[in-house]
Number of protein chains: 2
Amino acid sequence: MRLSTKGRYGVRAMFDLAMHSQEGTITLKSVAQRENISEKYLEHLFANLKKAGLIHSVRGAQGGYRLARSPEEITLGDIIRVLEGPVSPTECVAGGIEAEKCERAQHCVMHLVWNNIREQINQVLDNYTLADICEEQRKLQNGGYMFYI
Amino acid sequence: MRLSTKGRYGVRAMFDLAMHSQEGTITLKSVAQRENISEKYLEHLFANLKKAGLIHSVRGAQGGYRLARSPEEITLGDIIRVLEGPVSPTECVAGGIEAEKCERAQHCVMHLVWNNIREQINQVLDNYTLADICEEQRKLQNGGYMFYI
DNA sequence: CTAATTCCTGCTATTTATCTAGGGATTTCA
DNA sequence: TGAAATCCCTAGATAAATAGCAGGAATTAG
């Protein structure tokens, strides 16, 4: 139940785009440097995020990336599902091809359990937006959270 | 964000123990057969569950395993944390040695994010007990859930 | 004693995660 | 137009984790 670097880097990179959204298009290179992520690796992640419609890209000199929607409209669930696949404790309730194989699903109590867990975890992730993170970052810089009052 | 077989088998095996708790000690072999899990693999899992105090064992002929506490007092979180380690989206908020390495935690907004996610996911897992699963199983057998009314 | 059972240690094949390599395609600016 | 900057694509290399196997030692009921 650990995120891989795909999900973690992805969220950090998207947060980075959100924080610099006023500067127009952001180069992959600058995101990679600020977030200390391998450029080549980040390329793969951005390719998936673009294909999923979460970011737009501008090619050529002075090109770069930007969020496709406002930070309020992008959740951690959106990002993580794109980069890590469906968030689900098991294959059998992930909704893919594997799920079809589980013929006993209708009579299997574990199916109910995992499905319940799946729904709740997705709800948690979908309730957290990039805007929320930006807000927390703002508070941090103001010292609000600094001393864990 | 997928459970490995450790966690899944572990939950199923513990549920199996709960369902047969009236029969005294349950042999590993019978659990493995009913749940279709490799005996040798299940040995490792039971060793960990025992070390963690979730089950008791009786050695020798007629021996076997039984739950150390009542099904109401054992949560999915208990089981999964034993077999898969701390449930946490990242190392840096998992509470282990790795967490110490993250010196910037106090000033890092991602730390807040992951910690928030971690707490909520654990809350979901800790709110689900073996007794809950037994109850769902009972309803299934009565046909209550059978047709997804 | 003997059969059944847990307990312990180590090994290994397979898969997955993470990152690297290298080049190609596209666009902008001078 | 041409060069620089950037996105785009495919393949593979390395390391770690997963999932399971093997063999036997220790324990106990009958």
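Biologist: Let's start with B:Arg69: buried, partly exposed or exposed?

Modeller: Partly exposed, since its relative accessibility is 33%. Keep in mind that this is a predicted model.

Biologist: OK. Which side chain does B:Arg69 meet in a salt bridge?

Modeller: That would be B:Asp78, at 3.3 Å from N to O. B:Asp78 also meets the side chain of B:Arg81 in a salt bridge, at 3.5 Å.

Biologist: How far apart in helix H4 of chain B are B:Asp78 and B:Arg81?

Modeller: They're three residues apart, so about one helical turn separates them. B:Arg81 counts as partly exposed, because its relative accessibility is 27%.

Biologist: And over in chain A, which residues are linked in a network of salt bridges?

Modeller: A:Arg69, A:Asp78, A:Arg81 and A:Asp126 are linked that way. Searching the whole structure turns up 15 salt bridges over all chains.

Biologist: How many salt bridges are found across the interface of chain A and chain B?

Modeller: Two. In one, the side chain of B:Glu91 meets that of A:Arg2, at 2.9 Å from N to O. In the other, B:Arg2 meets A:Glu91, with an N to O distance of 2.9 Å.

Biologist: Where do B:Arg2 and A:Glu91 lie?

Modeller: B:Arg2 is in the segment before H1 of chain B, while A:Glu91 is in the loop between H4 and helix H5 (97-101) of chain A, so the pair joins two chains. B:Arg2 is partly exposed, with a relative accessible area of 27%. A:Glu91 counts as partly exposed too, at 41% relative accessibility.

Biologist: What area is buried between chain A and chain B?

Modeller: About 3800 Å², and carbon and sulfur atoms give 70% of that. In terms of residues, 40 of chain A are in contact with 40 of chain B. There are also eight residue pairs in polar contact across the interface, counting pairs with both residues at pLDDT 80 or more.

Biologist: Which elements of chain A give two or more residues to the side that touches chain B?

Modeller: H1, helix H4 (76-84), helix H6 (109-126) and helix H7 (130-141). H6(A) gives the most, with twelve residues. By type, that side of chain A divides into 26 nonpolar, eight polar and six charged residues.

Biologist: Let me step back a bit. What does the secondary structure of chain A come to?

Modeller: Seven helices and two strands. From the N terminus on, the order is α-α-α-β-β-α-α-α-α. Chain A has 149 residues, and 45% of them count as buried.

Biologist: Of the atoms of DNA strand C within 4 Å of the protein, what share belongs to sugar or phosphate?

Modeller: 63%, and the rest belong to bases. On the phosphate side, a polar side-chain atom of A:Ser38 lies 3.0 Å from a phosphate oxygen of DNA strand C. B:Leu28 uses a polar backbone atom, which is 2.8 Å from a phosphate oxygen of DNA strand C.

Biologist: And which side chain has an N or O atom 2.8 Å from a base nitrogen of DNA strand C?

Modeller: The side chain of B:Glu43.

Biologist: Over to DNA strand D. Which residues are closest there?

Modeller: A:Lys50, A:Tyr65, B:Thr5, B:Lys40 and B:His44, with 24 residues surrounding DNA strand D. Of the atoms of DNA strand D within 4 Å of the protein, 62% are in sugar or phosphate.

Biologist: Which side chains come up at 3.4 Å from a phosphate oxygen of DNA strand D?

Modeller: That distance turns up for an N or O atom in the side chain of A:Tyr65, for a polar side-chain atom of B:Ser4 and for an N or O atom in the side chain of B:Lys6.

Biologist: Last one: what does B:Val82 touch, leaving out residues up to four places away in sequence?

Modeller: B:Asn48, B:Leu49, B:Ala52 and B:Leu54. B:Val82 itself is in helix H4 of chain B, and it is partly exposed, with a relative accessible area of 28%.

Definitions and conventions:
Residues numbered from 1 in each chain as written. Chains lettered and ligands numbered in written order. Heavy atoms only, no water. Near = heavy atom within 4 Å. Polar contact = N/O pair within 3.5 Å; in protein donor to acceptor, adjacent residues only side chain to side chain. Contact = heavy atoms within 4.5 Å. Buried area = accessible area lost by both parts, 1.4 Å probe. Salt bridge = Lys/Arg side-chain N within 4 Å of Asp/Glu carboxyl O. Helix = DSSP H or I, 4+ residues; strand = E, 2+ residues; numbered from the N terminus. Nonpolar A, V, L, I, M, F, W, Y, C, P; charged D, E, K, R; others polar. Buried < 20%, exposed > 50% of the residue type's maximum accessible area, 1.4 Å probe, protein only.
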